[in-house]
Every structure is written in structure tokens, then in C-alpha cells.
Amino acid sequence: MGIFGKKSQDNSIERKEGEPLQAVYFEYDAISDRKKRERRQTVRRTLAAMFFAFLFLMPTVLTFTNSFMTSSEINANYGAIFATNNSGGKIYVSEVVNLKFIPDMVSFGQYITVLFKSPEYLMKFWNSVIYVVPIVIFQLFVASLASFGFARYRGKVKQLFFFLYIVLMLMPYQVTLVPNFMVASRLGIVGTRWAIWLPGIFSPFAVYMLTKYMRRIPYSLYEAASIDGAGEWQIFTQICMPICRGGLASIAILVFIDYWNMVEQPLILLDNEELYPLSVFLSRINAEEISLAFAVAVIYMVLPMLFFLYGEEYLVEGILYQGGIKE
Amino acid sequence: MSVKTGGKIDRYLKNNAAQARQEKKYRSARFSRWRGRALSWAYLAPSLIGVGLFFVLPFGVVIYYSLINNPVQHDFVGYSNFVRTWENNAFQLAARNTLIFSFAAVPLAVVLSLWLAVIMESRIPLKSTFRTFFLSPMMVPIASVILVWQVLFDYNGLVNAVISRIGIGKVDWLKSYYGPVVIILLFLWKNLGYNMILFMSGLSSVPKDQIEVARLESATETQIFWKIKLRYLSSTIMFVIIMSLINSFKVFREVYLLAGNYPFDSLYTMQHYMNNTFQSLDYQKLSSAAIIMAAFMMVVIGILLLLEDWFGRDLEQ
């Protein structure tokens, strides 16, 4: 017993002597190892991010740079592709495709042609503006009123209506376009701009977003204003709207990009190609004018890109509100 | 009140006046609340009328149309329209394609964007620039970049030039069963940034102390990711799945701009079916197809929400 005890004591003493050194050595190694690993990981991740950034930017940048090529250069580069649907065959066509980032000669010829010589593209661009601007403005206007109604006083009936809005918002176009078309044909507006405007203006999306935004305004703020003698309209315009300015900007960007991109609605609700927005018309550019297509494409993406550059924070904010993370 | 009467009457009058004042105030407060409530319906009215007129009421008509034989006779035929739609070859093709596309594209979108978010969360340089780059496709109209996509995936396009040099045969991407691959790439290109933003925010809301504790307990980064972060991300993941699903139903846009109204079979989406049915103005088919889709969406989203509840059941947020 005694011997055992002693022996075990000896062992523990021995371990105690050796331990600290070993432990320090061990820990140091682990830290440096971890640091090394982390550094390697950071490098790897940076490379991955750069790779993805290249992939994500490439189409946009390519469209942009190619818009400065002369038409003969575009035909020489991409003729093999786009000439396939061209029956004329007057232009010189190369067999292989030549993807180029930098044009041989920078030329504004395409832009000049688009802007001054072929008005149909500008007309379609103008169509897009005519559709999107009223939709954004009035959808936000209707939605601000409605969200104030939803957020100011709550009740079971309203909760039910709000749920209905969410369900409608989640429905794909394949579902909502059928009722839209039926009402439009009943009202006799199929084929006119109203068929695009009206369903757009009353789309539940902005209502959902703004209501979520407004519900964060503390109820006591309304109460205080009410006690100070403010009427509902005053509370709405002087308190609620100024607080929601950021939210409105976010939603405006999301609504804008959605309708600027629209393809489904014009195809079904419009029958006259004159009224088509540029988003649909761009895909119908015929082979002879393919050299113009890049310039038109750039003109079409300038506006959303500007909004993006100036409003990226709002866009991110909007995405997060939609995600319900910031509730 | 200036005349001094007996204390009793005086007190009575005083009390009465106070009570009246109180009552008036109470009544006016109640009245203003009642008025506010009524007014709030007035604020709601434009939107409710619009939504009712353009979405809800006509959806009732859609249900009605799906149950009758034709808009002239109005004979009630039960579910035979649904059977007719369901057995339609074009509908089946469209439904199959759309489902296959969603089942392939949504998981890819979730995993890749989560990976991007993890990359963005680590200590890489130029984070905000990368974020701008990743988010930019969301703002570029699809119609603008479709040309580049055509240059890449045409039969004589760049991708084929590259893979034929490696020794793999050329593929006619848009006119073969590889068509969905092109569309999935376009879908990912457009949607990854959006999902990434959601995941970045989700990752940053994972409680720091839990991660610290896990590190002290010498958990590896992989363990921390799978056992802690992913648990806290469950609601974000569900939302991303729902949004990706909805966006995957919108992919007709891309297909239409790339391949037009009559694409190869593998690219025939639900919206193509709807477009063609719109052209023949077959209200019965349209209505029943819309109802089948709506029911499908509601069931899927309902299941996803239940799953989210189940996954997040022991999390305190």
C-alpha cells in the first residue's frame, strides 16, 4: 500500500516536472499551426472570391466593352453565331468565335446609330420607362397608405388580409397572370398600357415589405402624437413617412428592377409589339442589327446600374427586410 | 360655483364635474380610437380594392372556370378539367421540366450562396468590393447579358470551342437535353448574390459567445460551422429555399430570351405552357393549371415552414 502510494507520488512529481514545458511547447505549436492554417485558408478563400468575382462580372463587362466595337468587328467575332438565323449572308462571317474583352478600335458608332439613326430602340426604351416609373411611384403610394392601415391598428381581420397578401406575393406569375388577364379582358384593357400598369400598381409586394418596416415603429410614438393632437393624416405624413424613407428607397429599387426586367406580363397582356418594353424587344433583334445589340444592351442596363451604385446599401437593406431577418 | 353653499352640495357638484370631465375625456379617447380604427380601413381601401379586383376576385372566377365545361354553357363538370389538364402531354412536360429544374437549381443556389457567404465572412481583403461584384448580376437586366450567354453556349460558341479542344465533343447546348444546365448557370449567376446577402446577415447574427465557448472547448471550425452556425441559420436557409423556389419558377424569362417561345423539349417550362394556352384562350385549361400550381406552391411552402419550425424548435432566438 505504502509502496504503491509512494510510487504513484513519484510518478506525479515526474509528470509535474515535465508537463509545463511540454504543454507550452504543445500550445505554441497548436497556435502557430492554426495561424498558418488560417492564413492558408484566407488565401484560398480570397482566390475563390476572385474567381467568383470574375465569373460574376464577366458577362456584364463583356457586354460593356463589346458595345464599343465597330459592326465589322462584331460580325467578324460573332458572325458564326448570329449569322445562323440570317438568310441574306452578305456580311463576312468567320468560322470560329472570338470572345474579346478589348475592342481593336474603340468606336461610338453603335451608340450613334442607336441614339440617332434607329429610333425604334429608343421607342422601346421609352416604353420601359413609361411602364416602370408609374408602377414604382404608385405602387409605393398605394402601399404606404395600406401599410399604415396595417401597422397603425391591428386586428384579426387585418391579420387575415395581411396573410392573404403574403400568399399572393409568393405566387408565381403562372398563377397570378391568369386572374390578371381575366380582369383586364373584362375591363377591355388587354393590349393597352393599363393592362401592365394596374396589376403592377396593386401588386402586394410593396405592401408586405412596408408593413414589416412600419411595424417596427413603436406604438407609443403614434400615441404621443395622437395625444399632442395630431390627426391620423398628420401622423401618417409627419411621423410615419419620414421614418420610412430608407425603407421606401429599398423597396423602390426592388420594385424597379423587377419591372424593368419584365417579360411575362407584356407577352400575355399586350398584343401589339409597338408597346413592348425593351426587355422583350432585345431578344428579337435580327441578325443584321446584331452589332447594335450590345450598345442597346448597355443603354438598357445603365439605369439599374446607376441605381445600384448609388443605392447598394438600400438594396441590401431591402433584401434583408424581405428575408424577415430584420423584423 | 363662487356662491358658498353647503359643503355637501359643493362637494357633490365638484365631484360631478370631475366625473363628467373624466367621462368626456374617456369617451373622446375611445371615440378617437374608434375613429382611428375606421380611418385605418380607409387607408387600406385603395390597396384592398385593387388587390381584390385584380387578384382575389378573378381568382374566384378562375376557380369557377375550372369547374365548368365552357364559358358559354356554364355546365358544372366537377374535376374533369383538372384531369384534362393533368393528362395533357404539354402540361406534363412543362411540369416535369419545371420540377427537375427547381430540384437541381434550388439546392445548388442554397449551397453555393452559403459557401460564398462563409467566404465573405472570413478575413478576406476588399470585402465590400466583392459584395458589390457578387450582387451586381441581380441588377443587370437579363435581356442585356443574353447576348454574352449566346456567345458562350451557341453550337459554335466559346464553351464548345474550349471543350472540343480538350477532346470532348461539341454539345448543342440550347437544343439538347443539356439545355437546363445553361439555364441553371444563368439562374445561379443572377440569384447567388441575393441569397448570399441573406446568409451573410444570418451568419453575423449567430451568437458570438457560443462560438467562443466552442473554440475554448477546442472544437474545430468545421464542427462550429455544422453544429452551431448551421443551426442558427435554419430559418434563413428556409427563406432562401422559398425565395429560390419562387425565382426558379420565374426562369421562363431566361429561357424565353435565350430560346424563344418554342424551345427544345427540355426547356419547355410551365410559363411556355401557359403562354400557349393563353394564345388559344382555353380558359378551362388555364384556370385548372393555375389552380394546380397555386395548390402546389402552397403545399410546398407550408411543408417548408413546418420543417423550419421543426428544425428551429430548440433554438432560442
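Over residues 1–14 of chain A, pLDDT stays under 50. For that stretch, the model has zero contacts beyond four places in sequence. Keep in mind that this is a predicted model. So what about residues 84–93 of chain A? There, too, pLDDT stays under 50. But for residues 84–93 the model has 14 contacts beyond four places in sequence.

Now the chain as a whole. Chain A averages a pLDDT of 81. In chain A, 82% of the residues score at least 70.

What is chain A built from? It has 14 helices and zero strands. Read along the sequence, the pattern is α-α-α-α-α-α-α-α-α-α-α-α-α-α. Chain A has 327 residues, and buried residues make up 40% of them. Next, take the contacts in chain A with a separation of 6 or more. Residues 24 or more positions apart account for 75% of those.

Let's zoom in on one residue, A:A49. You will find A:A49 in helix α1 of chain A, residues 2–66. Is A:A49 buried or exposed? The cut-off for buried is 20 or more other C-beta atoms within 10 Å. A:A49 has 23 C-beta neighbours inside 10 Å, so A:A49 counts as buried. Which residues does A:A49 contact, leaving aside neighbours within four places in sequence? They are B:I119, B:I124 and B:F130. Here is a distance for scale. A:A49 and A:E289 are 240 residues apart along the chain. Their C-alpha atoms are separated by 37 Å.

That brings us to the two chains together. How many residues of chain B are in contact with chain A? The count is 78 residues of chain B, in contact with 79 residues of chain A. On the chain B side, helix α1, residues 7–67, gives the most, with 20 residues. By class, that side of chain B has 55 nonpolar, 18 polar and five charged residues.

Now the core. The largest nonpolar core has 167 residues. Six of its residues touch the most other members: A:L210, A:V296, A:A297, B:F134, B:M196 and B:A290. Which element gives this core its largest share? Helix α14 of chain A, residues 290–322, with 16 residues. Look at B:A290 from that list. Not counting residues up to four places away in sequence, B:A290 touches A:Q174, A:V175, A:V178 and B:V62.

On to the domains of chain B. The domain assignment gives domain 1, residues 1–67, and domain 2, residues 84–311. Their C-alpha centres lie 48 Å apart. The contact between them takes four residues from domain 1 and six residues from domain 2. On the domain 1 side, three residues are nonpolar, one is polar and none is charged.

B:K170 is in the loop between α6 (158–166) and α7 (179–204) of chain B. Not counting residues up to four places away in sequence, B:K170 touches B:Y155, B:N160 and B:S164. And one more distance. B:K170 and B:Y262 are 92 residues apart along the chain, and their C-alpha atoms are separated by 23 Å.

Terms used. Residues numbered from 1 in each chain as written. Chains lettered and ligands numbered in written order. Predicted model: local features only at pLDDT ≥ 70, side-chain atom pairs only at ≥ 80, totals over all residues. Core = buried A, V, L, I, M, F, W, Y, C linked by C-beta atoms within 7 Å. Buried ≥ 20, exposed ≤ 12 C-beta atoms within 10 Å, placed from the backbone. Helix = DSSP H or I, 4+ residues; strand = E, 2+ residues; numbered from the N terminus. Contact = placed C-beta atoms within 7 Å. Nonpolar A, V, L, I, M, F, W, Y, C, P; charged D, E, K, R; others polar. Domains from an automatic or database assignment. pLDDT = per-residue confidence, 0-100.
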